[in-house]
Amino acid sequence: MARSTNKSDGSTKPAKVKKVRWYHQLWQAYRMTAEFDKWLNLWLIAAFAAGFGVFFAIGMATKKTVYFSALGVLFALVVTLFVLSRRAETAAYAQIEGQPGASRAVIGTIRRGWTFPEEPVFIDPKTHDMVFRGVGRPGVVLVSEAPPHRAKRLLENERKKVNRLVANVPVHFIEVGDEPGQVPLRKIPREMRRLRSELTKAEVAEVLRRLTAIGTAQLPIPKGVDPTRARIDRRAQRGR
């Protein structure tokens with residue numbers, strides 16, 4: 001942490017961290033999205049016009065133009081922010097899609113309920129195939145980044161390792177990719193939320209403790225997205 005020095009007595013005090021205002025976050029989200037979405041401005045203009053137009057039309061019909069126009073501005077701003085958040089989410093995924101470790105970046109957006117090590121439990125430095133392992137109330141989930149013909153074998157190998165230490169614990173597979181039967185990158189959180197809870201908190205802690213003994217892959221991380229650093233900007237997704 002940065003510290004400031006008091007020259008009079010030589011004492012040090014923690015430097016104040018400048019608070020990021022909401023409008024700064026909004027501007028950052030807009031700039032990030034505009035770099036990858038050339039149609040962003042048209043989408044935002046159309047969203048505002050549509051939101052305002054609905055209330056303006058109601059105001060004209062009821063002869064309360066001023067009142068409904070004011071409501072229309074507020075509603076239009078909400079609609080515009082919603083569109084910005086969705087376009088920002090799409091842009092965030094576009095930045096990492098197809099790069100090694102992208103699925104770990106998406107998993108990092110799941111705030112509660114799951115524990116994922118930063119490093120993959122398996123990585124092939126030649127093919128860049130990866131498997132990440134998480135533990136939560138539904139059990140153990142294995143997330144693969146590999147073509148379908150290799151992903152199934154990798155996931156089964158990791159399942160055997162898990163079952164040796166924690167028998168009778170549900171193990172779920174998620175194959176990340178765009179091939180038939182695989183889960184697109186942006187749908188990983190939704191796929192994990194669909195898993196039903198089957199373990200208690202105490203059981204989750206015990207499973208996590210035992211699986212820690214397996215460790216994670218110690219092979220070099222291939223060039224591309226570093227799974228230990230890659231993150232999707234949640235603020236950009238929300239547009240604020």
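Helices here are DSSP runs of at least four residues, numbered from the N terminus. On that basis, helix H3 covers residues 65-96 and gives the most to a nonpolar surface patch, with three residues. The model is predicted. A search of the whole structure also finds five aromatic pairs, and two of these are described below.

**Nonpolar patch**
- Phe-48, Val-73, Leu-74 and Leu-77 make up the patch, which has an area of about 330 Å².
- Leu-77 is found in helix H3.
- The relative accessible area of Leu-77 is 42%, so this residue counts as partly exposed.
- Patch residues must have over 30% relative accessible area, and Leu-77 has 42%.

- A pair of aromatic rings is described by the distance of the centres and the angle of the planes.
- Among the five pairs, Phe-52 and Phe-56 are stacked, at 5.8 Å centre to centre with 25° between the planes.
- Both residues belong to helix H2 (residues 40-62), where they sit four residues apart, about one turn of the helix.
- Phe-52 is partly exposed because its relative accessible area is 24%.
- Phe-56 is likewise partly exposed, with a value of 33%.

**Aromatic pair of Tyr-67 and Phe-68**
- Tyr-67 and Phe-68 form an edge-to-face pair, with 5.2 Å between centres and 85° between the planes.
- Tyr-67 is exposed, since its relative accessible area is 52%.
- Phe-68 is buried, with a relative accessible area of 16%.
- The cut-offs behind these two labels are over 50% for exposed and under 20% for buried.

Technical notes
Residues numbered from 1 in each chain as written. Predicted model: local features only at pLDDT ≥ 70, side-chain atom pairs only at ≥ 80, totals over all residues. Heavy atoms only, no water. Patch = residues over 30% accessible without salt bridge, like charges linked within 9 Å, V, L, I, M, F, W, Y side chains within 5 Å. Areas by Shrake-Rupley, 256 points an atom, 1.4 Å probe, with all protein chains shown as cover. Salt bridge = Lys/Arg side-chain N within 4 Å of Asp/Glu carboxyl O. Helix = DSSP H or I, 4+ residues; strand = E, 2+ residues; numbered from the N terminus. Buried < 20%, exposed > 50% of the residue type's maximum accessible area, 1.4 Å probe, protein only. Phe/Tyr/Trp six-rings, centres within 6.5 Å; stacked < 30°, edge-to-face > 60°.
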